[in-house]
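Here are a few notes to read alongside the model. Keep the 3D view open and find each residue as we come to it.

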Amino acid sequence: MKTTKDESAKAVRPADKSAGKTAKESATTPKDVMVTAKPDAAKDLRDFLEDGLKDIYWAEKALTKALAKMAKNATSTQLIQAFEEHLKETEEHVTRLEQIFESLGIQAVAKKCDAMTGLLAEANRIMMETEVGPVRDAGMIAAAQKMEHYEIATYGTLRVYAVTLGKTKAALLLAKTLAEEKNADVKLTEIAVSHSKVDAAHESGK
């Protein structure tokens, strides 16, 4: 029996791989895996709020040391002042968090914050990899803003949890800290813009 050119082409065309899969092969295809919760995992929003407070409590305490170090490594008067002012605010944030713990009737306990640990390590690396001066200042501004953005996200979320749970005092205290973190971020942005203009003028004058 003769075959046409079209039939010959079909005969040599590669088979559809997906069509040839067996039921067993489909069953072993990687899929999203459900994560098993730890025994002490949060069971409700109240637990999640408390866990978040412990996390940011650790982060704020760690930041008091980091900001003092960054202020000593900065050369811009404006940046040094910003770091020193926010250090004082951060110390107040620690005290404010202790007031929040008290309002919730729980002990103030710090739980290591993995996110802030990474951000602090990055800030330290930037200082080690830059010479003292404008470049290090620029690097520290970037590092500090990353920390501020993490704190803004955290305090914003915790405030919503507190409002949802009807914890008015905690919500008000969290809102106050959130506003201060946002203001600190704005100041750092202004310093960054100011420095970039100075650097640009310096470069054009060479």
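1. Start with His195, and set aside its neighbours within four places in sequence: it is in contact with Ser76, Gln78 and Asp137. His195 itself belongs to helix H7. Is this histidine buried or exposed? His195 has a relative accessible area of 19%, so it counts as buried, the cut-off being under 20%. For a sense of how the chain folds back here, look at Ala138: 57 residues separate it from His195 in sequence, yet their C-alpha atoms are 7.9 Å apart in space.

2. Now step back to the whole chain. Please remember that this is a predicted model.

3. Of the 206 residues, 34% count as buried. The chain exposes about 13200 Å², and carbon and sulfur atoms supply 57% of that area.

4. Helix H3 covers residues 45-73, which is 29 residues. From first C-alpha to last it reaches 41 Å, close to the 42 Å expected at 1.5 Å a residue. Follow the helix to Leu63 and you will find a bend of about 25°. At the start of H3, a side-chain oxygen of Asp44 comes to within 3.2 Å of the backbone nitrogen of Arg46.

5. What about the nonpolar side chains? In soluble globular proteins, these tend to be buried together. The largest nonpolar core here has 45 residues, and Leu53, Phe83, Ile100, Met116 and Met147 have the most contacts inside it. Two or more residues come from each of H3, H4, H5, H6 and H7. Which helix gives the most? H3 does, with eleven residues.

6. Leaving out neighbours within four places in sequence, its contacts are Leu53, Ala170, Leu173 and Leu174.

7. Finally, visit Arg96 in helix H4, which spans residues 77-103. This arginine is buried, with a relative accessible area of 7%. Beyond its neighbours within four places in sequence, Arg96 is in contact with Leu173, Lys176, Thr177 and Glu180.

How values were computed. Residues numbered from 1 in each chain as written. Predicted model: local features only at pLDDT ≥ 70, side-chain atom pairs only at ≥ 80, totals over all residues. Heavy atoms only, no water. Buried < 20%, exposed > 50% of the residue type's maximum accessible area, 1.4 Å probe, protein only. Areas by Shrake-Rupley, 256 points an atom, 1.4 Å probe, with all protein chains shown as cover. Helix = DSSP H or I, 4+ residues; strand = E, 2+ residues; numbered from the N terminus. Expected span 1.5 Å × (residues − 1). Bend = angle between axes of the 7 residues up to and from the residue. Polar contact = N/O pair within 3.5 Å; in protein donor to acceptor, adjacent residues only side chain to side chain. Contact = heavy atoms within 4.5 Å. Core = buried A, V, L, I, M, F, W, Y, C linked by side-chain atoms within 4.5 Å.
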